[in-house]
Amino acid sequence: MVKTSLTARENTNEVLVGHVPIGAGNPIVVQSMTDTDTANVQDTVKQVKLLADAGSEIVRLTVNNNQAADSVYEIKSRLQDDDYDIPLVGDFHFIGHRLLQDYPLLIKSLDKLRINPGNIGKGLKHDKNFSTFIKIAKENDKIVRIGVNAGSLDQDILMKRMDTNSRLSMPLSSEEVENSSLIESALSSADYANSLGLPETKIIISCKVSRLTQMVPVYREISRQCKIPLHLGLTEAGMGQQGLVNTTASLSILLYEGIGDTIRASLTPDINGDRTKEIKLCQDVLQALGLRRFSPSVTACPGCGRTSSTFFRELASDIQSFLELKLPEWKNDYPGAEELKVAVMGCVVNGPGESKAAHVGISLPGSGEIPTAPVFIDGKKEILLKGTNMAAEFIEIIEKYVTNKWGNN
Ligand code: SF4
């Protein structure tokens with residue numbers, strides 16, 4: 001039977017990335033990553049601000065060449081000048097050890113470094129590059145994410161495991177061998193970093209794959225084997241509806257089991273698409289699971305033959321838009337208003353029940369019902385709306401409720 005838990009794992013180490021605590025039962029942290037050329041300071045600063053404003057609590061940027069490495073200090077400085085104290089993570093592949101050595105200001109500007117143990121060389125070269133990277137992190141008191149990825153898995157580990165598996169009387173599937181190789185790569189790298197003097201409380205692990213059916217068993221097993229906080233993400237989740245569903249399903253299964261301390265949704269944006277969608281998705285997943293709250297919610301029924309007109313749908317949509325519009329102002333003026341629950345229901349069948357369960361709910365008249373709409377406040381039927389001005393009046397009731405409930409916080 002699957003063990004479920006609606007809190008983050010409490011028995012993990014606490015890791016502090018900048019001012020953001022990760023693991024040890026702290027709220028699950030939402031991360032994102034820029035897709036600008038890091039060497040383009042202006043565009044990167046602009047996008048980090050956009051992501052931070054949308055609720056990203058940590059932002060990662062690629063550090064893939066000399067120009068990028070040379071730009072990070074300026075990016076961090078400009079962000080600080082504009083009061084954006086968001087932790088930055090450098091995403092390193094192939095040459096991170098060299099860039100960190102060649103650009104001393106780079107490490108000063110980062111809160112966390114991501115290393116991929118699968119693409120920093122083989123054998124002695126791997127060990128030399130890895131230890132150079134870890135020593136720099138240690139000397140500068142930085143966090144390291146050991147970020148293993150199926151697409152760049154350490155081939156030495158995989159080949160050894162494939163070889164051993166082929167000699168078994170009942171060999172495992174190639175996916176099972178790959179899973180155990182991913183886990184070995186992550187855990188042995190964490191042990192190696194630890195042996196080089198980087199404390200376990202400075203390490204985070206991720207094991208990214210692109211299929212839910214692989215991601216879930218990998219993270220279940222790695223979570224069983226270590227106390228290091230885990231960064232979850234389904235890598236290359238895809239575009240549009242497919243990306244949303246794949247990401248939501250995979251994150252939800254693990255988070256529901258209490259696995260995962262920080263998350264990212266790796267969505268491929270549409271051309272000129274909105275990069276902040278990945279943050280909204282993470283927030284929505286955490287909110288749906290009851291792990292965190294970010295914005296007011298609207299309970300609305302799907303409608304059916306009992307909903308007499310499009311008015312019900314229009315009202316649900318207007319209320320949703322109104323709440324989204326007001327949220328930034330409410331967050332500032334009425335802290336706690338993100339807890340607000342509103343119900344917009346289509347008829348008397350489930351309308352009164354769902355409306356009573358919300359802070360403020362309206363049960364609209366269905367076909368053949370008296371054309372009045374009872375409004376419930378904190379479970380009590382308080383007002384009866386009718387006529388053409390119902391939407392505006394309901395919005396006014398919501399605003400008054402928020403002011404009264406969260407105005408004195
Ligand atoms: S609440 Fe009423 S209108 Fe809405 S789906 Fe249920 S029966 Fe249909």
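# Reading the sheets and domains of a predicted model

The eight strands S8-S7-S6-S5-S4-S3-S11-S9, in that order, make up an open sheet with parallel pairing.

User: Which strands stand at the edges of this sheet, and what is left without a neighbour?

Analyst: Strands are DSSP runs of E with at least two residues, helices are runs of H or I with at least four residues, and both are numbered from the N terminus. Two strands pair if DSSP finds at least two bridges between them. Here strand S8 (203-208) and strand S9 (231-232) are at the edges with a single partner strand each, so one side of each has no neighbour in the sheet.

User: What should I know about the model and its numbering before reading further?

Analyst: Residues are numbered from 1 along each chain as its sequence is written. The model is predicted: local features need pLDDT of at least 70, side-chain atom pairs count only at pLDDT 80 or more, and totals for chains, interfaces and linings use all residues.

User: How many bridges join strand S6 to strand S7?

Analyst: Strand S6 (residues 112-115) and strand S7 (residues 143-149) run parallel and are joined by four bridges. Within this pair, Leu113 has Val144 of S7 as its bridge partner, and Lys112 stands opposite Ile143 in S7.

User: Is S7 enclosed or left open by the rest of the structure?

Analyst: A residue is buried if 20 or more other C-beta atoms lie within 10 Å of its own, exposed if 12 or fewer, and partly exposed in between, with C-beta atoms placed from the backbone. Seven of the seven residues of S7 are buried, so the strand is largely enclosed by the rest of the structure. Cover is found on both faces, with Ile143, Arg145, Gly147 and Asn149 buried on one side and Val144, Ile146 and Val148 buried on the other.

User: Which helix lies across strand S3 and strand S11, and at what angle to S3 does the helix run?

Analyst: Axes are lines fitted to C-alpha atoms, for helices over the stretch in contact, and angles run from 0 to 180 degrees between N-to-C directions. Two residues are in contact if their C-beta atoms, placed from the backbone, lie within 7 Å. Helix H10 (residues 277-288) lies across strand S3 (29-33) and strand S11 (262-263), and runs at about 160 degrees to S3.

User: What is the order of the strands in the sheet that has mixed pairing?

Analyst: That open sheet has five strands in the order S13-S14-S15-S16-S17, and its pairing is mixed. Its edge strands, each pairing on one side only, are strand S13 (297-300) and strand S17 (380-385). From one strand to the next, the twist averages 20 degrees. S13 pairs with strand S14 (residues 341-345) in the parallel sense over four bridges, and Ser297 has Lys341 as its bridge partner in S14.

User: In which sense do strand S16 and S17 pair, parallel or antiparallel?

Analyst: Strand S16 (residues 373-377) pairs with S17 in the antiparallel sense, over five bridges. In this pair, Val375 stands opposite Ile383 of S17. The two strands form a hairpin with two residues between them, and Asp378 in the turn has a positive phi of about 50 degrees. S17 is hardly covered, for the count of buried residues among its six residues is zero.

User: Why does Ile398 count as buried, and why does Gly18 count as partly exposed?

Analyst: Ile398 counts as buried because it has 21 C-beta neighbours inside 10 Å. Ile398 belongs to helix H13 (residues 390-406) and, leaving aside neighbours within four places in sequence, is in contact with Val342 and Val360. Ile398 and Val342 are 56 residues apart in sequence, with 8.3 Å between their C-alpha atoms. Gly18 counts as partly exposed because it has 16 C-beta neighbours inside 10 Å. Gly18 is placed in the loop between strand S1 (15-17) and strand S2 (20-22). Not counting residues up to four places away in sequence, Gly18 touches Pro87 and Asp111.

User: Which residues come nearest to the ligand?

Analyst: A residue is near a molecule or strand if its C-beta atom, placed from the backbone, lies within 6 Å of it. Of the 13 residues around the ligand, Cys301, Cys304, Gly346, Cys347 and Val349 come nearest.

User: What domains does the assignment give?

Analyst: Domain bounds come from an automatic or database domain assignment. For this protein chain, the assignment gives domain 1 (15-288) and domain 2 (297-404), with their C-alpha centres 41 Å apart. The protein chain has 13 helices and 17 strands, and 41% of its 409 residues count as buried.
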